[in-house]
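Here is a short briefing on strand pairing in one protein model. The sequence and structure come before the details.

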Amino acid sequence: MTKLFMPTDRIGLESYQKSIANNFSTVNELLKKGLAPQWHVNGVRFESTPAWPEGHCYQCGFSVDDSSAARSVFDEKGIIYEEVEMVPSKGQIIKKLKAAVYNGRGAGEDFSAPLLEVLEWGGFNYDFVGDADIRGGKLNEFDVMIVPGSPDAGECYYAGLGDRGYDAIRSFIADRGHYLGVCGGAYLPLTSYNTENRYWLNIVAATETEDLDYWRSGSGFVRCRIEDNKHHLFAGIALGVSSTMNLVYWEGPSITIKGGNVKSLARFESLLASGRDPIKPYWDMYDNKMAEDAVRGWYNPLTPEIFASLLHGKTAFAEAESNGHKLLLFSPHPEMGNIGYGPRKDSLNFLLIYNGLTYLACQ
């Protein structure tokens, strides 16, 4: 059957398409219409296409069976696409994802706002779940739980959820769904080897050696080196055999891997800027007020000395597994975007959120 192929290659700090968010909004619209898009990563080589009769290689993209409904979505969204007889590489089928975004006592409103904005731009549907919802078993209605940053390293989560809420999250991950946590949300599933710390879920064989002392680091703009360039999380980001990402960091965990059910995906490599001389940022951050606060204005700036002692070489992005379900842990804040080259909405870093959720939606 004829296929429609939508390339989503990275071109510098942009997408082959006009908008990274629009790419995923398009995929989610296809899912809403009952179509079955497939995700292709790590290179697709076509021997011949209408646009490239001599053959062409795309980095990544999505395909769907040719139909008037699919063409209508592509045309309405302004998508560049190719009509092809077949896609030479097998893609992963994406299912419609029902996401729960935690908004209980532990969720920091300032950290939730940019994440929700990114989700909405990408066309991802979500419902909020609060502390009472989780304690009452509502998580069982969802496929993935998204936990944004918090004002601390876990204490606020426990203050609202308690033992019953924590048990409900553990059961959800073990029995039903996936998990994506950013910053404070990446602390939550970790395991503490200090019996006085009752504020983590203790379900991931990784820890933060400074335990609950999140104040020890600060905030800034950091570079992370990708360890697995082939991972779906980095589709459209990682090119070649060596790739890095520049991200906003704000008191997130420095993850130490302790066991086999978790792997490191990217590590902290260098500190680029913070509010402390001599590395204060000198560039225009456009409309990215939250990122500007983190990198230029936060009262606890990350210093080169602290970065070297607590973050350098440690895991910044991790993937864990629990009973067949996936957990993605992001210490930095991709939802705050790239800073310094254009408006916030054009941020390449949003791909880490979009790719992460699409990866969790793959059958």
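Two strands count as paired if DSSP finds at least two bridges between them. Helices (H or I, at least four residues) and strands (E, at least two) are DSSP runs, numbered from the N terminus. The model is predicted: local features need pLDDT of at least 70, side-chain atom pairs count only at pLDDT 80 or more, and totals for chains, interfaces and linings use all residues. Residues are numbered from 1 along each chain as its sequence is written, and side-chain values use heavy atoms, with hydrogens and water left out.

**Five-stranded sheet**
- β1 (residues 3-7) and β7 (residues 61-65) are antiparallel partners joined by five bridges.
- Within this pairing, M6 has F62 of β7 as its bridge partner.
- The open sheet that holds both strands has five strands, in the order β8-β1-β7-β4-β9, with antiparallel pairing.
- Its edges are β8 (82-84) and β9 (92-93); each has a single partner strand, so one side of each lacks a neighbour in the sheet.

**Helix across the sheet**
- Helix α2 (residues 68-77) lies across β1, β7 and β8, and runs at about 25° to β1.
- Contact means heavy atoms within 4.5 Å.
- Axes are lines fitted to C-alpha atoms, for helices over the stretch in contact, and angles run from 0 to 180 degrees between N-to-C directions.

**Strand β15 and its partners**
- Six of the eight residues of β15 (residues 219-226) are buried, so the strand is largely enclosed by the rest of the structure.
- Buried means under 20% relative accessible area, exposed over 50%, and partly exposed in between (1.4 Å probe, protein chains only).
- β15 runs antiparallel to β16 (residues 244-250), with seven bridges between them; R225 stands opposite T244 of β16.
- Six bridges join β15 to β18 (residues 262-273), also in the antiparallel sense, and I226 has A266 of β18 as its bridge partner.
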